[in-house]
Amino acid sequence: MSMITERPVSNPAGESPVRSAEESPARSRDVRAVVAAYVSLTKPRIVELLLVTTVPAMMLAHGGLPSLWLVAVVLVGGSLAAGAASVLNCYIDRDIDQVMRRTKRRPLPAHTVTPRNALIFGLVLAAVSIALMAAFTNLLATGLTLAAILYYDLVYTLWLKRTTTANTFWGGACGAAPVLIGWAAVTGSLSPVAWGLFAVVFFWQMPHFYPLAMKYKDDYARAGIPMLPVVASVRRVNAEIVLFAWLTVLSSLAVWALGLSPVYGVPTLVVGVIFIVEAHKLAGRARRGEPVKPMRLFHWSTTYLTIVFAAAALDALL
């Protein structure tokens with residue numbers, strides 16, 4: 001009696017649909033995961049700040065609604081530039097991100113994206129953003145965009161962040177740069193109003209970021225990053241928060257004095273008072289030894305900036 005070994009019958013037509021049905025969802029999930037990883041490298045929440053501040057600055061510069069084509073170019077180019085700066089920041093900071101609980105799930109420490117691919121991705125985004133700004137705006141706007149990327153990654157990330165407690169202060173220029181870029185794209189120059197709006201965003205970043213750094217100071221300490229809440233007393237940190245909250249609000253009122261109407265000034269004054277009160281409340285809780293709840297001010301600061309620049313946009317339209 002002979003043994004007959006049965007071979008699987010080759011039936012591509014029959015097997016292919018089954019294999020596709022099993023493998024296609026897996027491939028789709030893989031693609032979505034990779035895309036999501038690259039998007040997260042660009043830190044989309046930082047790009048939101050660009051949208052909040054750039055468009056109102058462009059509207060004030062134009063005295064109304066500028067060309068929608070120009071707005072689109074600046075937003076796309078600016079978003080790519082901000083994304084490039086963030087990707088390169090992730091590439092540079094991959095050593096400290098892996099020891100911080102807040103950042104250890106980012107694509108590089110999680111090994112979702114390789115450092116080489118992240119570096120290439122960041123450089124490509126930067127090149128495309130600069131090319132787009134150069135082709136469709138002007139030399140000043142393009143130069144400011146390039147300067148913002150270089151300053152954030154080479155000056156702030158590589159040097160200031162790791163060496164000085166004033167890193168947040170000096171790094172604030174990057175976050176405020178979109179205001180100048182938007183204004184320059186419309187006019188080809190920078191006016192006192194543009195610099196006033198720049199000052200608002202520049203000073204705002206201390207009362208916005210210090211509360212976040214207070215919450216995650218153990219993370220920064222573990223990574224050896226000398227953020228102010230890591231190396232200074234709670235009293236010193238809160239004193240700076242109060243100081244810069246006042247400077248933020250005074251800068252916003254200075255913009256009103258430069259020719260804007262009460263459409264901008266009244267809501268800016270109201271939310272400015274609330275902003276200062278919240279900063280003093282945080283300092284008061286720390287002084288009394290109560291739980292400080294720093295994220296309350298962090299979230300309110302975002303609301304504050306949004307309302308101020310929305311009022312600026314409305315002023316430009318009316």
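The protein is a predicted model with an average pLDDT of 90, and 91% of its residues score at least 70; pLDDT is the predictor's confidence in each residue, from 0 to 100. Among the elements, helix H5 (residues 115–136) comes out with the highest mean pLDDT, 97, while helix H1 (residues 12–41) has the lowest, 68. Helices here are DSSP runs of H or I with at least four residues, numbered from the N terminus. Over residues 1–10 the pLDDT is below 50, and beyond near neighbours in sequence this stretch has one contact in the model, a contact being heavy atoms within 4.5 Å. Where pLDDT is low, the predicted coordinates should not be read in detail.

A bit of bookkeeping: residues are numbered from 1 along each chain as its sequence is written, and side-chain values use heavy atoms, leaving out hydrogens and water. Local features need pLDDT of at least 70 and side-chain atom pairs count only at pLDDT 80 or more, whereas totals for chains, interfaces and linings use all residues.

Now the aromatics. The structure holds 12 aromatic pairs; rings of Phe, Tyr and Trp (its six-membered ring) pair if their centres lie within 6.5 Å, with planes under 30 degrees apart called stacked, over 60 edge-to-face and the rest tilted. One of them joins tyrosine 38 and phenylalanine 121, edge-to-face at 5.0 Å centre to centre and 85° between the planes. Tyrosine 38 sits in helix H1 and phenylalanine 121 in helix H5, so this pair ties together parts that are 83 residues apart in sequence. Tyrosine 38 is partly exposed at 22% relative accessibility, and phenylalanine 121 is partly exposed too, with a relative accessible area of 22%. (Buried means under 20% relative accessible area, exposed over 50%, and partly exposed in between, using a 1.4 Å probe and protein chains only.)

Another edge-to-face pair is phenylalanine 209 with tyrosine 220, at 6.4 Å centre to centre and 65° between the planes. Phenylalanine 209 belongs to helix H8 (residues 192–215) and tyrosine 220 to helix H9 (residues 217–223), 11 residues apart. Phenylalanine 209 is buried at 18%, and tyrosine 220 is buried at 3% relative accessibility. Elsewhere, Phe169, Trp170, Trp195, Phe198, Phe202, Phe203 and Phe244 form one aromatic cluster.

What about leucine 68? Leucine 68 is found in helix H3 (residues 68–92) and is exposed, with a relative accessible area of 60%.

Notes
Helix = DSSP H or I, 4+ residues; strand = E, 2+ residues; numbered from the N terminus.
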